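Colleague: I would like to learn how to read side-chain contacts in a model like this one. Could we go through it feature by feature?

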Amino acid sequence: SHTTKYAVIFEDDVILLPYFNENLNNIINMICDYEKKNGEIDIVNLYLHRDQKHFYKTATAPQLLKAPIGLIGTQCYLVKKSTVQNVINTLNTFENPIDEQLSRSNLNYIHLVGQDIVDSGDIPSYIQNKSLSRVF
């Protein structure tokens, strides 16, 4: 099944909005259609940071769009299982926050716009609370 081609990755403070599973299945179907026309996708970001929604203010229905460089917000995203190793290699050394590093990579990085299926919890994570380094 095409639904097992992806892994969903969540940040620790993400909030799943109502009908998350149903919406996720619809999005996976959208991805399959998108890939038939545009080639394979490596990562689909399922959250658009509230400070950057103005980039896509005309999106009134769910759409998949190429992510501009520097967009932030990795609260929830799909990674194609066949490209997980490429993602790991991209993140092997941190030069930027993960969201920025992914958007600057050679990966085919797409954003879901026009539909929110998760929200940010606005609760500082353990790492943020303890002021731990981003690089472990």
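Modeller: Start with glutamate 35 and lysine 80, which form a salt bridge with their closest N and O atoms 2.6 Å apart. The model is a predicted one.

Colleague: Which parts of the chain does the pair of glutamate 35 and lysine 80 tie together?

Modeller: Glutamate 35 belongs to helix α1 and lysine 80 to strand β5 (residues 76-80), so the contact joins parts that are 45 residues apart in sequence.

Colleague: Are glutamate 35 and lysine 80 buried or exposed?

Modeller: Both are buried. The relative accessible area is 12% for glutamate 35 and 3% for lysine 80. Each value counts as buried because it falls under 20%.

Colleague: How many salt bridges does a search of the whole structure find?

Modeller: The search gives 3. One of them pairs glutamate 40 with lysine 80, the closest N and O atoms being 2.9 Å apart. Glutamate 40 sits in the loop between α1 and β3 (43-45) while lysine 80 is in strand β5, so this pair connects parts 40 residues apart in sequence. Glutamate 40 has 51% relative accessibility and counts as exposed.

Colleague: With which residue does lysine 5 form a salt bridge?

Modeller: The partner of lysine 5 is glutamate 35, and their closest N and O atoms are 3.8 Å apart. The cut-off is 4 Å, so the pair is counted. Lysine 5 is in the segment before β1 and glutamate 35 in helix α1, which puts the two 30 residues apart in distant parts of the chain. Lysine 5 is partly exposed, at a relative accessible area of 34%.

Colleague: Which residues are linked in a network of salt bridges?

Modeller: The network links Lys5, Glu35, Glu40 and Lys80.

Colleague: Now the aromatic rings. How is a pair of them described?

Modeller: Two quantities are used: the distance of the centres and the angle of the planes. Here the count comes to 1 aromatic pair. The rings of phenylalanine 10 and phenylalanine 20 have centres 5.9 Å apart and planes at 50°, so the pair is classed as tilted.

Colleague: Which residues of the largest nonpolar core touch the most other members?

Modeller: Of its 19 residues, these are Ile31, Val44, Leu46, Leu64, Leu78 and Val118. The elements that give two or more residues to this core are α1, β5 and β6 (109-113). Helix α1 supplies the largest share, 6 residues.

Colleague: Which element has the highest mean pLDDT, and which the lowest?

Modeller: Helix α1 has the highest, 90, and helix α4 (residues 126-129) the lowest, 58. Over the protein the mean pLDDT is 77, with 74% of the residues reaching 70 or more.

Methods
Residues are numbered from 1 along each chain as its sequence is written. This is a predicted model: local features need pLDDT of at least 70, side-chain atom pairs count only at pLDDT 80 or more; totals for chains, interfaces and linings use all residues. Side-chain values use heavy atoms; hydrogens and water are left out. Rings of Phe, Tyr and Trp (its six-membered ring) pair if their centres lie within 6.5 Å; planes under 30 degrees apart count as stacked, over 60 as edge-to-face and the rest as tilted. pLDDT is the predictor's confidence in each residue, from 0 to 100. Helices (H or I, at least four residues) and strands (E, at least two) are DSSP runs, numbered from the N terminus. A salt bridge is a side-chain nitrogen of Lys or Arg within 4 Å of a carboxyl oxygen of Asp or Glu. Buried means under 20% relative accessible area, exposed over 50%, partly exposed in between (1.4 Å probe, protein chains only). A nonpolar core is a set of buried Ala, Val, Leu, Ile, Met, Phe, Trp, Tyr and Cys residues joined through side-chain atoms within 4.5 Å.
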